[in-house]
Amino acid sequence: MAGLKELRTRIGSIKSTQKITSAMKMVAAARLRRAQEALSRSQDYHQDLLTVTGRLFKEMLQDEKNSNIRYIFPKVLRPEENLERYVLVVFSSDRGLCGSYNAYVIRETMQRVAELRKNGRQVKLLCIGKKAGDALKHRLPDVEVEVLSGVAAKGADFSELQKICEKVLADYNNKEFDACELIYTRFKSAISREVVAQQFIPLVLDTEDERFDNKVDNAFYDYDAPKQKILIDVLLLLLTSIFFQSLLNAQASEHGARMTSMDNATRNANEMISKLTLRYNRLRQGAITTELTEIISGAEAL
């Protein structure tokens, strides 16, 4: 009978865990839906900013070539030849229970750090998310790691990311580093995502892209303010938008990973409950059969 009691306790414990994982799955699904909507809404804005910035930059280069004009381009658009000091901005989560989401981000960061060091580069890390920050501090004790936790805890906020982006740009302009890369998880679907390392600073704009041509449907773009001033104003918005897109992708990937992980946990709990219940019933049936046999044997003995 002790075995039956232990099984009842274990089944009850697993049922309680199943309720928690099922609730977490529903919460993650709701957050994933909101993150997907935010990502979808922001993409058009991001593409427009990229097009405007690329068009301005391409026109200014053509002006320098054809009209003997010289512009003073922002430093972020003037890449240096020798990039020795790198900052890697790593996007992860503050909480666990999201499967292998953080593990893949940490692995990609470790590989990128090893690659840069092999080529003689200096590396610093800025981790937006506690999980990757804590792990990388432990695994890379000789690397400077700064951790920002609680970012976008109540949802992605463009102004919050703009402050972080402005600080990164200020450090770049103060020559504290030469290049910056973003390491984040690009969202594809609830069950599909990939970790990418994207160059952030210096910003590379492909001037061969047809989107950056001034002429569109036989119409030319013109500007009220000087091109250089517009470029400086739009450039900060574009860089913040790139930062923001990385965060939105990371958050959507995190919620998708957590939803999938909790769904798997709920299914596994259900399977365990079924197996334990079957075992419990067999033991109970065996115990009842044994008792009946003893009663019948006793009656026959009388």
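Guide: What follows is an account of the sheet, its strands, the helices that accompany them, and the cysteines.

This is a predicted model, in which local features need pLDDT of at least 70 and side-chain atom pairs count only at pLDDT 80 or more, while totals for chains, interfaces and linings use all residues. Residues are numbered from 1 along each chain as its sequence is written, and side-chain values use heavy atoms, with hydrogens and water left out.

The sheet is open and consists of 5 strands in the order 3-2-1-4-5, with mixed pairing. Two strands count as paired if DSSP finds at least two bridges between them; strands (E, at least two residues) and helices (H or I, at least four residues) are DSSP runs, numbered from the N terminus. Strand 3 and strand 5 (192-201) stand at the edges with a single partner strand each, so one side of each has no neighbour in the sheet. On average, neighbouring strands are turned by 20° against each other, direction ignored. Axes here are lines fitted to C-alpha atoms, for helices over the stretch in contact, and angles run from 0 to 180 degrees between N-to-C directions.

Strand 1 (85-91) runs parallel to strand 2, to which 7 bridges join it. Along this pairing, Arg85 has Gln122 of strand 2 as its bridge partner, and Val90 stands opposite Cys127 in strand 2. Strand 1 also runs parallel to strand 4 (residues 179-189), with 5 bridges between them; there, Leu88 has Glu181 of strand 4 as its bridge partner. Strand 2 is largely enclosed by the rest of the structure, because 5 of its 7 residues are buried.

Strand 4 also holds Arg186, which is partly exposed at a relative accessible area of 34%. Leaving aside neighbours within four places in sequence, Arg186 is in contact (heavy atoms within 4.5 Å) with Arg193, Glu194, Val196, Gln198, Asn249 and Ser253. Between Arg186 and Glu176 there are 10 residues in sequence and 28 Å in space, C-alpha to C-alpha.

The helices may now be placed against these strands. Helix 3 (residues 130-139) has Ala132, Gly133, Ala135 and Leu136 buried. The buried residues of helix 3 pack against strand 1, helix 2 (101-118), strand 2 (122-128) and strand 3 (144-148). Helix 3 lies across strand 1, strand 2 and strand 3, and runs at about 160° to strand 3.

Helix 4 (residues 158-173) lies across strand 2, strand 3, strand 4 and strand 5, running at about 40° to strand 5. With 16 residues, helix 4 reaches 22 Å from its first C-alpha to its last, close to the 22 Å expected at 1.5 Å a residue; the expected span is 1.5 Å times one less than the number of residues. Its buried residues are Leu161, Ile164, Cys165, Val168, Leu169, Asp171 and Tyr172. Seen down the axis of helix 4, these fall within an arc of 160°, so they line one face of the helix; the arc is that of the directions from the helix axis to the C-beta atoms. Just after helix 4, Lys175 takes a positive phi of about 60°.

Helix 2 has 18 residues, which should span 26 Å at 1.5 Å a residue, and its end C-alpha atoms agree at 26 Å apart. Buried in helix 2 are Tyr101, Asn102, Val105, Ile106, Thr109, Arg112, Val113 and Leu116. These cover an arc of only 130° around the axis, which puts them on the same side of helix 2. Gly120 follows helix 2 with a positive phi, near 80°.

Finally, the cysteines: a search of the whole structure finds 0 disulfides, a disulfide being a pair of cysteine sulfur atoms within 2.5 Å. Cys165 is in no disulfide, and its nearest cysteine sulfur, that of Cys180, is 8.7 Å away. That distance is too far for a bond. Cys165 is buried at a relative accessible area of 0%, and Cys180 also counts as buried, at 0% relative accessibility.

Terms used: Buried < 20%, exposed > 50% of the residue type's maximum accessible area, 1.4 Å probe, protein only.
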